[in-house]
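Here is a set of questions and answers for someone meeting this structure for the first time. Please look over the sequence and the model first, and then read on.

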Amino acid sequence: MRKKIDKRGRKLVDYDSQRHSFQALQTNMKKRDDVKIGKGREQLEEAKRTYEILNSELHDELPALFDSRVLFLVTNLQTLFNAEHTFHSQSSKIFNELEDIVDKLATDSQRGSYSVKKTNGTNSLPRPKSLLKDSPELIINNLPPSRASDTNKSPTKKVEEVYDIPVEASTEHLPPGVLYRVKATYKYTREDVDELSFDVGEIVSVVEYDDPDEQEEGWLMGMKENGEKGMFPANFTRPL
């Protein structure tokens with residue numbers, strides 16, 4: 001379209017040039033040449049016809065092109081607005097879900113439904129809720145270090161050297177592989193797949209780790225009567 005507009009401009013210049021040339025031939029009475037005048041008239045008519053054809057085509061095409069911009073803009077704006085609506089709808093849905101999750105977490109936190117998550121830092125063992133309320137200093141002082149692997153231990157050491165069996169724990173009349181038994185004084189819910197959950201009053205048999213190098217201070221490997229096996233924090237139990 002731009003090329004056609006430029007071409008019409010050039011043809012208009014040609015038409016004006018031919019018109020002025022033809023007028024000059026007609027007004028030159030001293031050297032009037034009918035042959036040149038006839039040829040000039042033909043060239044003028046040809047330039048006029050070419051210009052009028054291009055001008056007529058542009059008169060038909062330009063309004064249609066101008067009107068087509070409306071449909072183009074409407075289509076693109078509708079697509080843009082629909083995408084924006086979808087984005088805001090999805091964002092609102094996600095924000096509502098996040099708000100519900102945060103509210104639930106806040107409610108559960110106020111009820112004390114969560115225990116402290118253990119990490120590789122110090123004071124990372126879970127703490128019984130009742131002791132936290134009654135005597136937090138006692139828990140802090142008695143907490144064993146976190147579950148960190150002791151790479152200095154050798155698997156060839158004796159059980160007594162690898163495992164610190166409490167003095168008050170009874171080691172008599174125990175099945176093979178059981179070091180001693182403990183009784184749960186607080187409920188513990190496992191936080192990892194390799195841990196053991198138990199309720200208050202349950203009896204847990206303390207057994208050896210499959211790999212002594214995996215032993216972590218403050219944590220014991222235990223087995224319940226139903227065969228469930230896993231690690232648990234020692235400060236949630238007392239020896240029998």
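**Questions on a predicted model**

Q: What share of the residues in the protein is buried?
A: The protein exposes about 17000 Å², of which carbon and sulfur atoms supply 54%. Residues count as buried when their relative accessible area is under 20%, and among the 240 residues of the protein the buried share is 25%.

Q: Why does the distance between the ends of helix H2 agree with its number of residues?
A: Helix H2 covers residues 34-111, which makes 78 residues, and at 1.5 Å a residue these should span 116 Å.

Q: Which helix do the buried residues of H2 pack against?
A: The buried residues of H2 include Ile37, Leu44, Tyr51 and Leu58, and also Ser91 and Asp108. H2 is followed by glycine 112, whose phi is positive, near 75°. The packing partner of the buried residues of H2 is helix H1 (2-27).

Q: In what order do the strands of the open sheet lie?
A: The sheet has 5 strands with antiparallel pairing. Its edge strands, each of which pairs on one side only, are S4 (229-233) and S5 (237-239), and neighbouring strands are turned by 45° against each other on average, direction ignored. The order across the sheet is S4-S3-S2-S1-S5.

Q: Which residue of S4 is the bridge partner of tryptophan 219?
A: Strand S3 (residues 219-223) and S4 pair in the antiparallel sense over 5 bridges, and S4 is mostly covered, with 4 of its 5 residues buried. The hairpin of S3 and S4 has 5 residues between the strands, and there glycine 227 takes a positive phi near 95°. Within this pairing, the bridge partner of tryptophan 219 is proline 233.

Q: Which residue in S5 is the bridge partner of lysine 183?
A: Strand S1 covers residues 178-184 and is joined to S5 by 3 bridges, with the two strands running antiparallel. On the S5 side, the bridge partner of lysine 183 is arginine 238.

Q: Is threonine 237 buried or exposed?
A: Threonine 237 is found in strand S5, where a polar atom of its side chain lies 3.0 Å from the backbone oxygen of alanine 234. Leaving aside residues up to four places away in sequence, threonine 237 touches Val182, Lys183, Ala184, Thr185, Phe198 and Phe232. Its relative accessible area is 12%, and a value under 20% is the condition for being buried, so threonine 237 is buried.

Q: What is the relative accessible area of phenylalanine 198?
A: Phenylalanine 198 is found in the loop between S1 and strand S2 (203-207), and its C-alpha atom is separated by 5.5 Å from that of tyrosine 188, 10 residues apart along the chain. Not counting residues up to four places away in sequence, phenylalanine 198 touches several residues, including Ala184, Tyr186, Val204, Phe232 and Thr237. Phenylalanine 198 counts as buried, and its relative accessible area is 1%.

Q: How many Å separate the C-alpha atoms of proline 239 and serine 205?
A: Proline 239 is found in strand S5, and beyond residues up to four places away in sequence it touches Pro166, Glu168, Ala169, Arg181 and Val182. Serine 205 is 34 residues apart from proline 239 along the chain, and the C-alpha atoms of the two are separated by 9.9 Å.

Q: Is histidine 173 buried or exposed?
A: Histidine 173 is found in the loop between helix H5 (159-162) and S1, and it has a positive phi of about 55° although it is not a glycine. Its relative accessibility is 78%, and residues over 50% count as exposed, so histidine 173 is exposed.

Terms used: Residues numbered from 1 in each chain as written. Predicted model: local features only at pLDDT ≥ 70, side-chain atom pairs only at ≥ 80, totals over all residues. Heavy atoms only, no water. Pairing = 2+ DSSP bridges. Axes fitted to C-alpha atoms, helices over the stretch in contact; angles between N-to-C directions. Expected span 1.5 Å × (residues − 1). Buried < 20%, exposed > 50% of the residue type's maximum accessible area, 1.4 Å probe, protein only. Contact = heavy atoms within 4.5 Å. Polar contact = N/O pair within 3.5 Å; in protein donor to acceptor, adjacent residues only side chain to side chain. Areas by Shrake-Rupley, 256 points an atom, 1.4 Å probe, with all protein chains shown as cover.
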